[in-house]
Amino acid sequence: RERDGTVTFTKETFSTTRKGLESLAQFLIDAGVSTVVMEATGVYWKPVYYTLEGLFPQLWLCNAQHVKNVPGRKTDLSDAEW
């Protein structure tokens, strides 16, 4: 969030290899992120969660069933922005 109250969104794509997940973690750290929220889908969340664990003050793992019906959310990109 900028001083004038505006919010800037940056969208990046990272692979799920060890190197890709480390790049994701560094990207988030460099961006000054303090809260990371991700949906738990099957077992696919585990490598991402374990890579980010301990690097951020708040790392939230949410049940996709609980957040899927939020109004206006249509795509993975809009989900990430929300």
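# Close-up views of a predicted model

Of the 82 residues of this protein, 20% count as buried, where buried means under 20% relative accessible area, exposed means over 50%, and partly exposed lies in between (1.4 Å probe, protein chains only). Please keep in mind that this is a predicted model, in which local features need pLDDT of at least 70, side-chain atom pairs count only at pLDDT 80 or more, and totals for chains, interfaces and linings use all residues. Residues are numbered from 1 along each chain as its sequence is written, and side-chain values use heavy atoms, with hydrogens and water left out.

**View 1. The overall layout of helices and strands.** The protein has four helices and two strands. Among the contacts in the protein with a separation of 6 or more, 40% come from residues 24 or more positions apart; contact here means heavy atoms within 4.5 Å.

**View 2. Helix α1 meets helix α2.** Two packed helices are described by the angle between their axes and the distance between the axes. Here, the axes of α1 (residues 18-30) and α2 (residues 45-52) come within 10 Å and cross at roughly 50°. The axes are lines fitted to C-alpha atoms, for helices over the stretch in contact, and angles run from 0 to 180 degrees between N-to-C directions. α1 and α2 are therefore oblique to each other: angles under 35 degrees count as roughly parallel, over 145 as roughly antiparallel, 65 to 115 as roughly perpendicular and the rest as oblique. The crossing of the two helices is right-handed, a label used if the near helix is turned clockwise from the far one by less than a right angle, with anticlockwise giving left-handed. On the α1 side, look for L21, E22, L24, A25 and L28, which meet P47, V48, T51 and L52 of α2. The residues of this contact divide into seven nonpolar, one polar and one charged. In this grouping Ala, Val, Leu, Ile, Met, Phe, Trp, Tyr, Cys and Pro count as nonpolar, Asp, Glu, Lys and Arg as charged, and the others, Gly among them, as polar.

View 3. Rings of Phe, Tyr and Trp (its six-membered ring) pair if their centres lie within 6.5 Å; planes under 30 degrees apart count as stacked, over 60 as edge-to-face and the rest as tilted. By this rule the count comes to four aromatic pairs. One of them is the tilted pair of W45 and Y50, at 6.1 Å centre to centre with 50° between the planes. Y49 and Y50 make an edge-to-face pair, at 5.9 Å centre to centre with 80° between the planes. W45, Y49 and Y50 form one aromatic cluster. W45 counts as buried at 16% relative accessibility, and Y49 is buried as well at 18%, whereas Y50 is partly exposed at 49%.

**View 4. The surroundings of L28.** L28 sits in helix α1 and is buried, with a relative accessible area of 14%. Leaving aside neighbours within four places in sequence, L28 is in contact with V33, V36, L52 and F56. L28 and F56 are 28 residues apart in sequence, and their C-alpha atoms are 9.1 Å apart in space.

View 5. E53 is found in the loop leading from α2 to β2 (58-63) and is partly exposed, at 45% relative accessible area. Not counting residues up to four places away in sequence, L55 touches A25 and I29. From C-alpha to C-alpha, L55 and I29 are 8.1 Å apart, although 26 residues apart in sequence.
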